[in-house]
Amino acid sequence: MPHIAFIAPHFLDNTNRYLKAFADLPITLSVISNDPESSIPPSMRSRVAGHYKVTNTLDAAQLTEAT
């Protein structure tokens, strides 16, 4: 099964629509975000295999470490 790392700076309405679309696929889904894990919408938490919080989702070094 593919493992996708979705970069979601903040869990806003539009971001959550994308997150739901990925969560509905037959994949393993991880999320990298500026927001804490508790910000993941409750209805999708069970589909997220992992969460890694960074301070800047535009920083390549942080994204590399998170991935």
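Strand 1, helix 1 and strand 2 make a right-handed β-α-β unit; right-handed means that, with the strands pointing away from the viewer, the path from the first strand over the helix to the second runs clockwise. Helices (H or I, at least four residues) and strands (E, at least two) are DSSP runs, numbered from the N terminus. This is a predicted model, in which local features need pLDDT of at least 70 and side-chain atom pairs count only at pLDDT 80 or more, while totals for chains, interfaces and linings use all residues. Residues are numbered from 1 along each chain as its sequence is written, and side-chain values use heavy atoms, with hydrogens and water left out.

User: Let's start with helix 1. Which strands do the buried residues of helix 1 pack against?

Analyst: Helix 1 covers residues 13-23, and its buried residues are T15, N16, L19 and A23; buried means under 20% relative accessible area, exposed over 50%, and partly exposed in between (1.4 Å probe, protein chains only). These residues cover an arc of only 95° around the axis, which puts them on the same side of helix 1; the arc is that of the directions from the helix axis to the C-beta atoms. The partners they pack against are strand 1 (3-8) and strand 2 (28-33).

User: And which residues are exposed on the other side of helix 1?

Analyst: One of them is R17, which has its place in helix 1. R17 counts as exposed because its relative accessibility is 54%. On the other side of helix 1, the exposed residues are D13 and R17.

User: How do strand 1 and strand 2 pair, and over how many bridges?

Analyst: Two strands pair if DSSP finds at least two bridges between them. Here you can follow the bridges by name: F6 has V31 as its bridge partner in strand 2, and A8 has S33. Strand 1 and strand 2 pair in the parallel sense, over six bridges.

User: Which residue of strand 3 does V31 stand opposite?

Analyst: Strand 2 also pairs with strand 3 in the parallel sense, over five bridges. Strand 2 is mostly covered, with five of its six residues buried. In strand 3, the residue opposite V31 is H51.

User: What is the angle between the planes of F6 and F22?

Analyst: The structure holds one aromatic pair (rings of Phe, Tyr and Trp, the last by its six-membered ring, pair if their centres lie within 6.5 Å; planes under 30 degrees apart count as stacked, over 60 as edge-to-face and the rest as tilted). The pair links distant parts of the chain, with F6 in strand 1 and F22 in helix 1, 16 residues apart. F6 is buried because its relative accessible area is 13%, whereas F22 at 26% counts as partly exposed. F6 and F22 are 5.2 Å apart centre to centre, and their pair is tilted, with an angle between the planes of 45°.

User: Is T57 buried or exposed?

Analyst: T57 is found in the loop between strand 3 (48-53) and helix 2 (60-66). Leaving aside neighbours within four places in sequence, T57 is in contact (heavy atoms within 4.5 Å) with I7, P9, I32, S33, N34 and L63. Because its relative accessibility is 9%, T57 counts as buried.

User: What does N56 touch, not counting residues up to four places away in sequence?

Analyst: N56 has its place in the loop between strand 3 and helix 2. N56 is partly exposed, with a relative accessible area of 33%. With residues up to four places away in sequence not counted, N56 touches N34 and Q62.

User: How far apart in space are R17 and A60, C-alpha to C-alpha?

Analyst: R17 belongs to helix 1. R17 and A60 are 43 residues apart in sequence, and their C-alpha to C-alpha distance in space is 25 Å.
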